[in-house]
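Got a moment to go through how some labels get attached to a model? Have a look at this one first.

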Amino acid sequence: MTRKFWKRTEPLDHPELDHAELARLLPAPSAPRMTPDRQLLFEEHLLNEIRTSAPGAKAGAPVRPARPVRRALLIGVPVTAAALTAVFAVGALTQGGGPARPGLVEASVVKVEAGSTVQLVSTVQQIADAATRRPTPEPKPGQYIYINSKVSFMSASHNFDTGEEKTWVQPLHQREVWKSPDGREGWLDEPGYQDEGGITLDHDGPHSKPVNGKDIPGEAPVHLSYDWLKAQPTNPDALLKSIYATDSASVNRDQRAFREIRSIIGEQLVPARTAAALYRAAAKIPGVVVVENSQDAAGRTGLALARLDPQYGERLELVFDRTTFAYLGSRGVQVKEFGGVKPGTVTERTAILDRAIVDAQKTRPTKGGTA
């Protein structure tokens with residue numbers, strides 16, 4: 001950016017006049033704008049994650065793609081993920097090129113491991129069998145499903161003088177969600193990224209109103225509730241058809257379905273037989289592969305069911321323990337450069353630390369939950 005400076009040589013007898021004259025002579029400062037391709041990236045991720053699941057606290061609250069771009073506010077992971085990041089990314093476009101918010105750190109970069117379909121069928125079979133054997137508690141009326149996780153989503157900065165772009169991520173932070181089985185009541189507490197003390201996710205709460213008059217509600221959809229999941233077919237083909245039906249978009253629908261599955265297993269309690277069918281359904285989505293080495297936000301390593309978003313070059317990985325085949329969390333890795341994000345950049349990380357049933361909102365389990 002070329003700047004022209006005006007210099008006055010005579011004495012400043014009337015400084016207030018000098019300021020006024022400067023205001024007339026100097027051009028008004030321009031507002032930095034995102035490049036079209038980068039704006040499309042964040043908008044798409046925002047739509048992927050928000051759907052009907054964004055809680056929406058403050059309009060500028062930290063989504064990458066829910067999340068989120070999770071960061072307007074997301075409930076489905078990721079729901080942070082992505083909507084929150086989109087807002088962060090917009091806010092981070094600064095003249096100086098540094099992070100827009102205190103606490104953002106440079107994104108880590110990992111070696112991109114190629115995925116394979118060779119072990120897909122056997123791996124999914126092991127994951128599904130383990131899910132079937134795993135005891136799943138049944139929430140009673142008046143109880144809540146509690147999910148405690150660690151999350152981090154992407155942001156970006158752009159230096160308009162040099163053209164340099166940098167990718168940043170939020171520091172790992174805690175995210176706690178309480179949801180009623182029917183999905184009509186809930187609470188979200190994400191210190192530093194929500195209002196102090198958290199926000200309500202109740203179906204009739206203030207965050208359930210459409211955003212900007214458009215059909216983008218701000219709270220978790222009933223169609224992702226425990227009761228909804230319990231009523232779904234346990235046949236993988238029928239279940240996948242039902243998941244596709246939750247999103248009417250015709251563009252990138254396979255990736256949307258894969259993200260929907262991530263949202264379900266990330267911040268919900270899934271009945272055992274439904275969970276097994278859900279993993280088998282994921283394997284039926286075109287493009288899903290096995291990645292032998294992945295890592296969740298807590299540093300736990302495992303194998304992953306993954307899918308590359310062909311539009312934006314980001315691979316979403318669902319990480320499972322190698323021994324128990326329990327779901328650990330998720331990771332987003334940029335595989336192909338897009339919008340200045342380099343290959344190997346870790347765009348998001350989540351880790352499920354506790355999954356349990358509690359008797360009231362804002363209460364925590366006294367013992368370890370059931371993952």
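This is a predicted model: local features need pLDDT of at least 70, side-chain atom pairs count only at pLDDT 80 or more; totals for chains, interfaces and linings use all residues.

Residues are numbered from 1 along each chain as its sequence is written, and side-chain values use heavy atoms, with hydrogens and water left out.

Q: Why is α4 called roughly antiparallel to α8?
A: Helix α4 (residues 120-133) and helix α8 (residues 272-283) pack at about 170°. Angles run from 0 to 180 degrees between N-to-C directions, along axes fitted to C-alpha atoms over the stretch in contact. The cut-offs are under 35 degrees for roughly parallel, over 145 for roughly antiparallel, 65 to 115 for roughly perpendicular, and oblique for the rest. So α4 counts as roughly antiparallel to α8.

Q: What makes the contact between α4 and α8?
A: Contact means heavy atoms within 4.5 Å. On the α4 side the residues include Leu 120, Val 124 and Ile 127, and on the α8 side they include Ala 272, Tyr 279 and Arg 280. By class that contact has 10 nonpolar, 2 polar and 2 charged residues. Here Ala, Val, Leu, Ile, Met, Phe, Trp, Tyr, Cys and Pro are nonpolar, Asp, Glu, Lys and Arg are charged, and the others, Gly among them, are polar.

Q: Why is α6 described as roughly perpendicular to α8?
A: The axes of α6 (residues 236-245) and α8 cross at roughly 75° and come within 8 Å. That angle makes α6 roughly perpendicular to α8. Pro 236, Leu 239, Leu 240 and Ile 243 of α6 meet Thr 274, Ala 277, Leu 278, Arg 280 and Ala 281 of α8.

Q: What makes α8 "mostly covered"?
A: Buried means under 20% relative accessible area, exposed over 50%, and partly exposed in between, with a 1.4 Å probe and protein chains only. In α8, 9 of the 12 residues are buried, among them Thr 274, Leu 278 and Tyr 279.

Q: How do you know that α7 is mostly covered?
A: Of its 14 residues, 12 are buried. Phe 258, Glu 260 and Ile 264 are among them.

Q: Why is Lys 367 called exposed?
A: Lys 367 has a relative accessible area of 68%, so it counts as exposed. Lys 367 is found in the segment after β11 (346-358).

Methods. Helices (H or I, at least four residues) and strands (E, at least two) are DSSP runs, numbered from the N terminus.
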